[in-house]
Amino acid sequence: MSAEQAFQGSKVVILDFGSQYTQVIARRVRESRVYSEILPFNSSPEQIHATGAKGILLSGGPASVFSKNAPRNDPAIFDLGLPVLGICYGVQLIAHQLGGIVEFSDKREYGPGTLRIIGASPLFEGLPSEIMVWNSHGDRLTRLPPGFASVASTENSPFAAIQHAEKSIFGLQFHPEVAHTPLGKDVLENFLYRACGCSPDWTMGSFIEQSCHEIRERVGVDKVVLGLSGGVDSSVAAALIHQAIGDQLTCIFVNNGLLREFEAETVQKIFRENFRVSLKYVDASKRFLGKLEGVSDPEIKRKIIGTEFVRVFEGATEELKATDDGLGKYRFLAQGTLYPDVIESVSISGNPAELIKSHHNVGGLPEKMHFELLEPLRHLFKDEVRHVGLELELPREVVFRQPFPGPGLAVRILGAVTNEYLTILRHADEIVESEMKAADWYYRVWQSFAVLLPIRSVGVKGDQRTYENTVVLRIVESQDGMTANWVKVPYDILSRIASRILNEVKLVNRVCYDISSKPPSTIEWE
Ligand code: XMP
């Protein structure tokens, strides 16, 4: 789908009041096969109407409705005639704005509770009369707004679920979207299917079909360029666009000399041989390594790699443009931008006006390249992208591969990069990957890799004293790369990796395990 268009089937919008769970709500809704979009909390009724949504969810949030800068929705959204479901902070907003009473509390009710269903409600149809729920809220509702009734209570609150039956406005003080509310999915589905009348039509098959149609319409007879990195996002974007327009897509794969063992060959094999994608392979490794020679400052290394990448990519697209024929021009640059990159996220900690920021992932490529952007994955979450990849028959190794940084092995060799260090690191990295896969741990962690410390220490091999480099193993778990923890991998796996590196990789005589979390460390070493 293009930036402007969205899914044509059933959809709902989620107004974001800054909860850490907003994206979780959006994903749960999509798991129930209804398309969801996150909008800023102060979106106007016209904006909401324009999306064609069949219902509105109000997310939770850390604010109190009493605080001066509390984020508030436009009350006119209650007059759109659409069903509304407020969750946590969302229900307090409903009560506060529609004439109920919310009491300030500086203590949060946090943890599990039992919800007793006490009134008929579409939200609880087909559910037992008592369900386990997860609470996390501060202020509490003490009087209902006119026209509302309580339909469920907990030990601590007679108004744990409320509704205005005629207007289809609902509020839940607990969180149906978290795993600790085991039947929360049913409650959300009841809202979506029964209250809003949505159909479960959001599937990756329907996405692919609609997306291909839209790509064809938008691109017409023209052509698309895509920078393929071999990572999940650019690979799935390439496969999708190729499905839509075939040879009108050309992928450019830049070998910066900082890739893993066999990376360049594997990417070419998958895309050129299996998928028959038109692929321009640019081996710029000498150029990158030349520029990096003798450079040891991490920030300067990253800058050089970024700048060189743009230059090489520009050169490659210029060459393509020179081949423009009467049949269409290279008009589009495709990117694997995902939904979390484009959501206008809200953080509630001060003046809301200053807090809305949009993230636009334009991959650092300059505007003067004069391309129109094609971002067919910009409405998808990562797990959806993986499903699309599988449906398009990309190999599982590509679809579930671990993230790999753009600057490649350069940020895993401390200090200046040399060919010798790259050879050592590639070999060690290949051992880590193959042993993690063999032990069935590779896909269970966020990342597992080797880092080369060009710090020499004394060892002994055979009868010989050695004075060689150190390899560090970095294996972390993480949700999104923003925070991370080191993984307690079984000792026998660590031991196998270490002994293989020590036996097989030349010029390494010591292996260490990194037990730092992020923060204060980072995942990569540079
Ligand atoms: P750090 O090292 O900052 O990394 O904890 C967080 C996550 O981001 C990846 N990473 C990068 N990815 N270009 C990328 O595409 C980069 O320059 C880059 N630097 C770090 C890193 O592998 C980890 O998953």
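Two strands count as paired if DSSP finds at least two bridges between them, and strands themselves are DSSP runs of E, at least two residues long, while helices are runs of H or I with at least four residues, both numbered from the N terminus. By that rule, strand β15 (residues 330-334) and β18 are partners: they run parallel and are joined by three bridges. Within this pair, Leu 333 sits opposite Leu 373 of β18.

A word on the model before going on: it is predicted, so local features need pLDDT of at least 70 and side-chain atom pairs count only at pLDDT 80 or more, whereas totals for chains, interfaces and linings use all residues. Residues are numbered from 1 along each chain as its sequence is written, and side-chain values use heavy atoms, with hydrogens and water left out.

The β15-β18 pair belongs to an open sheet of five strands, ordered β14-β13-β12-β15-β18 and paired in parallel. At its edges stand β14 (278-283) and β18 (372-374), each pairing on one side only. On average, neighbouring strands here are turned by 30° against each other, direction ignored; the axes behind such angles are lines fitted to C-alpha atoms (for helices, over the stretch in contact), and angles run from 0 to 180 degrees between N-to-C directions.

Another open sheet has nine strands, in the order β2-β1-β3-β4-β11-β10-β9-β6-β7, and its pairing is mixed. Its edge strands, β2 (35-40) and β7 (130-137), have a single partner strand each, so one side of each is left without a neighbour in the sheet. At one end of the order, β1 (residues 11-16) pairs with β2 in the parallel sense over six bridges, and Lys 11 has Tyr 35 of β2 as its bridge partner.

Zooming out, the protein chain splits into domain 1 (3-195), domain 2 (204-399) and domain 3 (408-513), with bounds from an automatic or database domain assignment. The centres of domain 1 and domain 3, taken over C-alpha atoms, are 47 Å apart.

Next comes a hairpin, made by β19 and β20 with two residues between them. Strand β19 (residues 447-461) pairs with strand β20 (residues 464-477) in the antiparallel sense over twelve bridges. Gln 447 faces Val 476 in β20, and Gly 462 in the turn has a positive phi of about 60°.

Gln 447 turns up again at the ligand, where an N or O atom of its side chain is 2.8 Å from a ligand oxygen. For Trp 446, the corresponding distance is 3.3 Å, and a polar side-chain atom of Lys 518 is 2.7 Å from a ligand oxygen; a polar contact is a pair of N or O atoms within 3.5 Å. The protein covers 67% of the 500 Å² of accessible area that the ligand has on its own, as given by the Shrake-Rupley method with a 1.4 Å probe. Residues around the ligand, with a heavy atom within 4 Å of it, include Arg 302, Gly 481 and Glu 524.

Most residues other than glycine have a negative phi, and most peptide bonds are trans. Cys 88, in the loop between β4 (84-87) and α3 (89-97), has a positive phi near 60°. Lys 518 and Pro 519 are joined by a cis peptide bond with omega about -15°, and so are Pro 519 and Pro 520, with omega about 5°.

Note on methods
A polar contact is a pair of N or O atoms within 3.5 Å; within protein, one must be able to donate a hydrogen and the other to accept it, and residues adjacent in sequence count only if both atoms are side-chain atoms.
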